[in-house]
Amino acid sequence: MKNPVKPPELDHPALDAPSIQRSLYNRLTYSIGKDPITATDRDWFYSAAAVLRERMIERWMETMRAYYEDDRKRVYYLSMEFLMGRTLMNGMMNLCCEKEFSQALEAMGLDIENIREMEHDAALGNGGLGRLAACFLDSMATMGIAGYGYGIRYEYGMFNQRIEDGQQVEHPDNWLRYGNPWEFPRPEVLFQVKFNGRVVGYADEHGHKRYQWVETDDVMAMAYDYPIPGYDTGTVNNMRLWAAKASRDFDLKYFNEGNYIRAVEDKNDSENLSKVLYPDDTTEMGRELRLKQQYFFVSASLQDMLYRFAKSNVPFSQLPDKVGIQLNDTHPSISVPELMRILIDQHRLDWELAWDIATRTFAYTNHTLMPEALETWPVPLFERVLPRLLHIIYEINHRFLKDVMHHYPGEPAMWQRMSLIDESGEKTIRMAHLAIVGSHKVNGVAELHTRLMKETIFADFNRMWPEKIINMTNGVTPRRWLNQANPALSSLISKHLGREWLKDLDQLRRLEPLAADAAFRDQFALVKRDNKSRLARMIRERLGVAVDPDSMFDVQIKRIHEYKRQLLNVLHVITLYNRVRAGGDTPPRTVIFGGKAAPGYRMAKLVIRLINDVAAIVNNDPLVRGLIKVVFIPNYDVSTAETIIPAADLSQQISTAGTEASGTGNMKLALNGALTIGTLDGANVEMRNEVGPENMFIFGRTTDEVAALYASGYNPWVHYDGNEELQHVLNMIRDGFFSPEDATRFKPLFETLTYHGDHYLLLEDYATYVACQERVAALYRQPGEWTQKAILNVAGMGQFSSDRTIGQYARDIWNVTPMARTGE
């Protein structure tokens, strides 16, 4: 093979406004094929994206070269979700060229705000799990860690949520309709992924028992690369997403026979794997598709990593020194048996060596405390779809349980609790147990969450491996969630602190003295008022509802789930409504909800219907006198959050204590100057320590009290019978006050809170929540004191930067050293 010819020196696209302007015209003409006279805002968006992408590519390639030359240890972050949001403005800000782009566009008679609105959010995630992954990629790039994200290139994402007749209706989220200007298809990067078939045992040339997975149905995984720029640094990392492709386009035999549907059937079935995020798993077909999705992206990712590792020409025993793999929740935990399969079946390593390599390579992040949310798979399904991996899981379990029995003889109940196979009913595989056994470190995502992991769901594992479970409190990137989402507040902070806080969020502590400065408070309040006006305009445009920017913006934006207790918020809204109708007074309040319910989650969807039905009554009742407005903003996504969060006055973080692992919405809202009303759950506990208990509104039972209440036998009827105001609210829901055309519509919600035991303790916490909301209202009547506390919340958020979190992962789990490059 000839040595490659040294390429000529590349043109270096500059970041000054005149150069950007020339590039914009060039890209519009030569890439988009449009004349400036006829170009639309969308054409200009794609031109701007191409110009920005050009300026990322050079840094991207230099970064990849540097990683190879330095022989850096790679960190691979495996996640089913990456909720990236829009890239145009984020990329400009991270390359520190937003001003130059704005100047160039303005000189051309274009408005950057109109152009940014042309970009569709990348539909690669749903909630906090995916947004956390996106924040972590931003921090790894900013800090110079050789970090790669691996996931699935979903063609349709989860769904586009519309509210029709008050109900959530799911529509396809066709985010790729106009293409994705940020991705680089890699048709040459293809890996085969196997399903179904059977396993054949044989003896190799040394007489060792080996296994072969044969007669499989194969799908090809094709790579798409997506650059991740760090902030004010030369580093641009990579996210690689996999799309499913058929192993052949179609069966020509059927095509020639005229059976066109049968001809393309296999192709369509194969490519369905990357169509939709989280297919509905309430059906057998949905569960199988979900399992296949998980294995598909894991298998392709591991093959890709090992292909890259092989270029280093070092033995597999050194893999843990060169590679760290972080499993973001249980979805990628199937990586453990898949790596074992590759090492044992393809590279013929002995079991003991392969297992040592695997356990020193993997680390696992747990995101839930609820046993019912810990992923399990029925053994018959696994046996049919992934038969070889089931063999390996059984072998892992056999060896693991021998070790458990050796350390804890005579404790069969403990053996059963720790087994990777749950045999209490239908045999299922406990994926969280598999991840724990196959990892060298396991982390929780808040101090309380980690303590409860050790004491409750994983107590046996903590007993056996007391050093394995550690804490890594979540964080958010200030570049996206303050600098980009709230540029006016970012500018105000930078005016007093300089720009260094964007890479060192602890510097926000220097704002504390300014909380007592009347002039600074006025400036801070003006920024908040402008952000509220912007949100009010969005609400009017999307919903046709007029809200008062001078009212308190009371915000609860998160996935709709019973444990997050949006229903408790509704109970307070109805309580307030009844008081106002009776002549009571309250500071004007706009209660803002946003979030999606899983398509098969009936109770969550009913809560959305109740919110909208309550809004229809409250917003149109003349007796309310405009003191209360209720809005549900549909299709909550990153871009919508970037408008809501800077405008929030009150942040609702009201999950039942002991159910929320961490939360990151709480951090984003406080970082933007919202005061928190919440329980002592998840990261709320640490936030209270940082901002001071006097600057938050805490209510409700603690985790220990909740456990004691469950143990003693909780009876919600005590609260129903003993609190007339609560009883009246519940009866209104039960008897159809908010649904006169269908009086029994919300009866299931009433029954959940009463006859079915009120599992998440809404009635238990109702009285303290309402009393806490009265304290909120009283403080809001004192705007100077409210603003002072809001500033102190911002000042206390330094601990909750994703840079701090990633620094801890790098030190305590991955054993890598950040090596940030200087900006250019």
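Modeller: A pocket, on a 1 Å grid over the protein atoms alone, is an open set of points where a 1.4 Å probe fits, with protein on both sides within 12 Å along at least five of seven lines, and its lining residues have an atom within 4 Å of a point. A volume is the space filled by probe spheres set on the points, which are joined across faces, edges and corners. Here the second largest pocket has a volume of about 1200 Å³. This is a predicted model, in which local features need pLDDT of at least 70 and side-chain atom pairs count only at pLDDT 80 or more, while totals for chains, interfaces and linings use all residues. Residues are numbered from 1 along each chain as its sequence is written, and side-chain values use heavy atoms, with hydrogens and water left out.

Colleague: How many residues line the second largest pocket, and which lie nearest its centre?

Modeller: The lining has 49 residues, and Arg86, Arg116, Glu117, Arg542 and Ser639 lie nearest the centre. Helices here are DSSP runs (H or I, at least four residues), and strands likewise (E, at least two), numbered from the N terminus; α21 gives the largest share of this lining, eight residues.

Colleague: Is glycine 444 buried or exposed?

Modeller: Buried means under 20% relative accessible area and exposed over 50%, with partly exposed in between (1.4 Å probe, protein chains only). Glycine 444 has 0% relative accessibility and therefore counts as buried; this glycine lies in strand β15, residues 441–444. Taking contact as heavy atoms within 4.5 Å, glycine 444 touches residues including Asn366, His449 and Met472, when those up to four places away in sequence are not counted.
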